[in-house]
Protein chains: 2
Amino acid sequence: MNIVMIGAGNVATHLTQALHQAGEHILQVYSRTEQSAAALAQAIGCPYTCCTEELDPRGDLYIVSVKDDALPHLLPEVAQANPEALFVHTAGSVPMNIWETHVRRYGVIYPMQTFSKQRDIDFREVSFFIEASAQADEVQLMQLARRLSPKVYRATSEQRKYLHIAAVFACNFANHMYAISSRLLTEHGLPFDAMLPLIDETARKVHRLPPSEAQTGPAQRNDVSIMASHLQMLEDTPQLQELYKKISKNIHQYNTELP
Amino acid sequence: MNIVMIGAGNVATHLTQALHQAGEHILQVYSRTEQSAAALAQAIGCPYTCCTEELDPRGDLYIVSVKDDALPHLLPEVAQANPEALFVHTAGSVPMNIWETHVRRYGVIYPMQTFSKQRDIDFREVSFFIEASAQADEVQLMQLARRLSPKVYRATSEQRKYLHIAAVFACNFANHMYAISSRLLTEHGLPFDAMLPLIDETARKVHRLPPSEAQTGPAQRNDVSIMASHLQMLEDTPQLQELYKKISKNIHQYNTELP
């Protein structure tokens, strides 16, 4: 398949490199920002453009991987490139039918992972979620994703929205819990490194136990006196104190709701 | 060292077995609950008692590993066993000086990990925090802990309180984020397993980057429209909606505070 990549941000960069390494032919890279387009194109040795009018019309698959709010005005322009091709975006929270009025064949490849420029991604460890307007195209997209990872699933646009919000909790919000932890430690002369074994075990544990069964800590065992002393320790940071209260309350509620 | 273990809960059980496997001599196990005492004693082949009056007086080290609120009434009884011995507890949030009026030599061994009965613990992956009333005893406790793990640190009672609350955020609250994620997925016919690569990468990432730099997601990039759509999706669960708001707000605040 000849692939044209629209975008050169975190997701686009990691995905393009992974596709290139898997032997896919990247025909061209587009980014509004010339510097980003050039950098990514150079990394994989392909041409680039900063102009949607110059998109290569020979693409079989056009992958649009840009910020969600850039999609609405970019899609009609990208759609001009080749009316017969397959068009996909990579966004968790954008429904597939955003393509509907612009192209005939369309779909979504959503790689659910946390991408940072500073860090390489092993795509074999990325879950992919696929959706397409036609079954043949869905099969093709599943096959493409399977070249990168064994973890390929079908998901409707509605399911993908919930995948995204679930990922916000499991990844973005979990990481913020690490950030709060790190700050509390640093403020008291303690190394964040000492917390890593606990962070690792917490993540490993839910491979074997459902998170609700893996839950431990003062809120889980309703240890009111420890929670009161923790709330007192957080008195200088009312926002953290509030978070501690709300999360503990929610843990307690989940706990009492269990069968 | 001859060790007497007071307690047979999660932490006591895992710790006793690890000490036994490391070649330490467990002289006796105590638990108020005969069944727990017997089970643990049998697992390592030592005597047990359910009566503090029957604690073996030949112990060099008495480790009290029970619920925090059981400590105050248990310590004076345990202290009778051998006035010359070293006494420690294993609690994160209890100051060392809770021993002060009862025994001459005392300290703390705090293994910072999430212990569940259903799951074995690799103690080489546990951070230990040590404190003692005398330097010689501190050295002895450090050496003992180092037989179980390379990750042994000194921490004052004040620091240990902050370790504990930091662990609540990094472990207990992070796990609750997994639990919320799991529930959102299950409710929409999606497998929690698909989230595991993301959970693993989120944990791995903070081995290399400070959590504040590893942060990604809608709140981090202040993507107001995605956050609004997520809040709308959570309208039926106001408690979750509130959590989503507060955590996002805190991420945004940490982000803007960065140098």
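Mentor: First, a convention: angles under 35 degrees count as roughly parallel, over 145 as roughly antiparallel, 65 to 115 as roughly perpendicular and the rest as oblique. Axes are lines fitted to C-alpha atoms, for helices over the stretch in contact, with angles from 0 to 180 degrees between N-to-C directions. This is a predicted model in which local features need pLDDT of at least 70 and side-chain atom pairs count only at pLDDT 80 or more, while totals for chains, interfaces and linings use all residues. Residues are numbered from 1 along each chain as its sequence is written, chains are lettered from A and ligands numbered from 1 in the order in which they are written, and side-chain values use heavy atoms, without hydrogens and water.

Trainee: At what angle do α5 of chain A and α6 of chain B cross?

Mentor: The axes of α5(A), residues 157–187, and α6(B), residues 196–205, cross at roughly 15° and come within 9 Å. The two helices are therefore roughly parallel to each other. Helices here are DSSP runs (H or I, at least four residues), as are strands (E, at least two), numbered from the N terminus.

Trainee: Which residues make that contact?

Mentor: On α5(A) they are Ala167(A), Ala170(A), Cys171(A), Asn175(A) and Tyr178(A), and on α6(B) they are Leu198(B), Ile199(B), Thr202(B) and Ala203(B). Contact means heavy atoms within 4.5 Å. By class, there are seven nonpolar, two polar and no charged residues. Ala, Val, Leu, Ile, Met, Phe, Trp, Tyr, Cys and Pro count as nonpolar, Asp, Glu, Lys and Arg as charged, and the others, Gly among them, as polar.

Trainee: And how do the two α9 helices cross?

Mentor: The axes of α9(A) and α9(B), residues 238–257 in each chain, come within 10 Å and cross at roughly 150°. The residues that meet include Leu243(A), Ile247(A) and Tyr254(A) on one side and Leu243(B), Ile247(B) and Tyr254(B) on the other.

Trainee: A change of topic: is Ser93(A) buried or exposed?

Mentor: Ser93(A) is buried because its relative accessible area is 14%; buried means under 20%, exposed over 50% and partly exposed in between, with a 1.4 Å probe and protein chains only. Ser93(A) sits in the loop between β5 (86–89) and β6 (105–112) of chain A.

Trainee: What does the side chain of Ser93(A) make a polar contact with?

Mentor: Within chain A, the partner is the side chain of His164(A), at 2.4 Å. The side chain of His230(B) is also a partner, at 3.5 Å. A polar contact is a pair of N or O atoms within 3.5 Å; within protein, one must be able to donate a hydrogen and the other to accept it, and residues adjacent in sequence count only if both atoms are side-chain atoms.

Trainee: Where is Thr90(A)?

Mentor: Thr90(A) is also in the loop between β5 and β6 of chain A, and it is buried, with a relative accessible area of 9%. Its side chain is joined to that of Ser65(A) by a polar contact of 3.0 Å. Beyond four places in sequence, Thr90(A) touches residues including Val11(A), Ile63(A) and Tyr110(A).

Trainee: Lastly, how many helices and strands are there in chain A?

Mentor: Chain A has nine helices and eight strands. Of its 259 residues, 59% are buried, and its C-alpha trace spans about 70 × 40 × 30 Å along the principal axes.
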